[in-house]
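Hi,

Here is the structure I said I would pass on. Have a look at it first, and my notes follow below.

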Amino acid sequence: MRIGELAERAGTTPRTLRYYESRGLLTARRTDRGHRTYDEDDLRLLQQIRTLQDFGFELEETRPFVDCLRAGHPAGDACPASIAVYRHKVAELDGLIEQLRAVRAQVGAQLLRAEAELPHGPEPRCELATEEEGRRT
């Protein structure tokens, strides 16, 4: 298949495919006229790259998965190098989760402090609720 068809089937653009090719993640074969051609294996590689990127993997982090597929394995994560990338990503995500928990605790503490300092007057009323009540009477 040609680059436009592959891009459409993979949900990307020909420009992106050329970029992947320049990074060595995708290898195009050429026709006699110099046109790039691809096959179903290339589509599989692209689907693997796109899935990993959807999960937050950097483009370079997809390389072991692509290499694993190119080596003939049924899945891109069937190789030790891919497993190592998964482990690294899980550790990275764990760190981000801890950072988010810390920020959540700080924001929660600030909220409690701000609420405690509110004047003890009546609760603010929602203008929308006031309009709804007026229509019912």
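**What I found**

From the N terminus on, the chain's elements run α-α-β-β-α-α-α-α, which makes six helices and two strands. Keep in mind that this is a predicted model. Of the chain's 137 residues, 24% count as buried. The accessible surface is about 9,900 Å², and carbon and sulfur atoms hold 55% of that.

Now to the charged pairs. Side chains of opposite charge can pair when their charged atoms come close.

- Glutamate 21 and arginine 36 meet through their side chains at 2.7 Å, N to O. Glutamate 21 lies in helix 2 (residues 14–22) and arginine 36 in strand 2 (residues 36–37), so this pair ties together parts that are 15 residues apart in sequence. Glutamate 21 is partly exposed at 22% relative accessibility, and so is arginine 36 at 21%.

- Arginine 23 and glutamate 60 form a salt bridge at 3.0 Å, N to O. Arginine 23 is in the loop between helix 2 and strand 1, glutamate 60 in the loop between helix 3 and helix 4, 37 residues apart. Arginine 23 is partly exposed at 33%, as is glutamate 60 at 38%.

- Lysine 89 pairs with glutamate 61, with the closest N and O atoms 3.3 Å apart. Here helix 5 (residues 80–116) supplies lysine 89, while glutamate 61 sits in the loop between helix 3 and helix 4. Both lysine 89 and glutamate 61 are buried.

Salt bridges with shared partners also join Arg23, Glu60 and Arg63 into one network.

Cheers

Methods:
Residues are numbered from 1 along each chain as its sequence is written. This is a predicted model: local features need pLDDT of at least 70, side-chain atom pairs count only at pLDDT 80 or more; totals for chains, interfaces and linings use all residues. Side-chain values use heavy atoms; hydrogens and water are left out. Helices (H or I, at least four residues) and strands (E, at least two) are DSSP runs, numbered from the N terminus. Buried means under 20% relative accessible area, exposed over 50%, partly exposed in between (1.4 Å probe, protein chains only). Accessible areas come from the Shrake-Rupley method with a 1.4 Å probe; for residues, only the protein chains shown count as cover. A salt bridge is a side-chain nitrogen of Lys or Arg within 4 Å of a carboxyl oxygen of Asp or Glu.
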